[in-house]
Amino acid sequence: MLSEQCYKKIDRELAKYPADQRQSAVMAALAHAQVELGWLSPETMKEIADYIGMPAIAVQEVATFYNMYNLKPAGKHKITVCTNLPCALSGGVKAGEHLKQKLGIDYRETTEDGEFTLMEGECMGACGDAPVMLVNNHRMCSFMNNAKIDELVEELKK
């Protein structure tokens, strides 16, 4: 399932830890697999478990604990809106509502064309920049008013 290039990236992560602590690289391995495949199927998690040498259930526990991992197919662009209290009080709820209306979907849904998935997220550690959004778990967007949200969506469509 995973490419040779992905395994090379996982090997670089594994090299950071002692041989008897390979499981320490599980989060990075899951992240590399998700970048390559777009989501983490049960088969992918089993493949990672076998490669790292840990029980499949332990890999699944990690993947289900953190919301950065997609456990079902997601859109090309996953937008996570922080709705924790500081962001909610600073426009996070309104930003989420604007995105729902603009994309025609609710939280935990994907647009029919497969371009966008909208998620609700917990604190992203940028309360002073509220409201904040995270695009594909890698790009933080701050001070997101309606105009900036519209610009972001148009940019991602290109």
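## Cysteines

C127 counts as partly exposed because its relative accessibility is 38%, where buried means under 20% relative accessible area, exposed over 50% and partly exposed in between, calculated with a 1.4 Å probe on protein chains only. The model is a predicted one, in which local features need pLDDT of at least 70 and side-chain atom pairs count only at pLDDT 80 or more, while totals for chains, interfaces and linings use all residues. Residues are numbered from 1 along each chain as its sequence is written, and side-chain values use heavy atoms, with hydrogens and water left out.

A disulfide is a covalent bond between the sulfur atoms of two cysteines; the working criterion is a pair of cysteine sulfur atoms within 2.5 Å. The closest cysteine sulfur to that of C127 belongs to C123 and lies 4.0 Å away, which is too far for a bond. C141 is likewise in no disulfide, since the nearest cysteine sulfur, that of C87, is 12 Å away. With a relative accessible area of 7%, C141 is buried. Over the whole structure, the search finds 0 disulfides.

## Domains

The protein is divided into domain 1 (4-65) and domain 2 (77-157), with bounds that come from an automatic or database domain assignment. Between the C-alpha centres of domain 1 and domain 2 there is a distance of 28 Å.

L2 is found in the segment before α1 (4-14); helices (H or I, at least four residues) and strands (E, at least two) are DSSP runs, numbered from the N terminus. Its relative accessibility of 9% is the reason why L2 counts as buried. Leaving aside residues up to four places away in sequence, L2 touches Y7, I10, A33, E36, L37, T44, E47 and I48, a contact being heavy atoms within 4.5 Å. L2 and F65 are 63 residues apart along the chain, and their C-alpha atoms are separated by 22 Å.

Strand β1 (residues 77-82) has 6 of its 6 residues buried, so it is largely enclosed by the rest of the structure. In a regular strand the side chains alternate between the two faces of the sheet. In β1 both faces are covered, with H77, I79 and V81 buried on one side and K78, T80 and C82 buried on the other.

Two strands pair if DSSP finds at least two bridges between them. With strand β3 (residues 116-121), β1 runs parallel and is joined by 6 bridges, and within this pairing C82 stands opposite G121. With strand β4 (residues 133-135), β1 pairs in the antiparallel sense over 3 bridges, and here I79 stands opposite V135.

## Aromatic pairs

A pair of aromatic rings is described by the distance of the centres and the angle of the planes. Rings of Phe, Tyr and Trp (its six-membered ring) pair if their centres lie within 6.5 Å, and planes under 30 degrees apart count as stacked, over 60 as edge-to-face and the rest as tilted. By this rule the count comes to 2 aromatic pairs. The rings of Y7 and Y51 form a tilted pair, because their centres are 4.5 Å apart and their planes stand at 50°. This pair links distant parts of the chain, with Y7 in helix α1 and Y51 in helix α3 (residues 42-52), 44 residues apart. Y7 counts as buried at 19% relative accessibility, whereas Y51 counts as partly exposed at 31%.

The rings of F65 and Y66 have centres 4.9 Å apart and planes at 85°, so this pair is edge-to-face. F65 is exposed, with a relative accessible area of 64%, while Y66, at 33% relative accessibility, counts as partly exposed.

## Backbone features in the loops

A130 and P131 are joined by a cis peptide bond, with omega about -5°, and P131 lies in the loop between β3 and β4.

N137, placed in the loop between β4 and β5 (139-141), has a phi near 65°, a positive value in a residue other than glycine; N137 is partly exposed, with a relative accessible area of 22%. Phi is also positive in F143, near 55°, and F143 is likewise a residue other than glycine. F143 is located in the loop between β5 and α6 (146-157) and counts as partly exposed at 45% relative accessibility.
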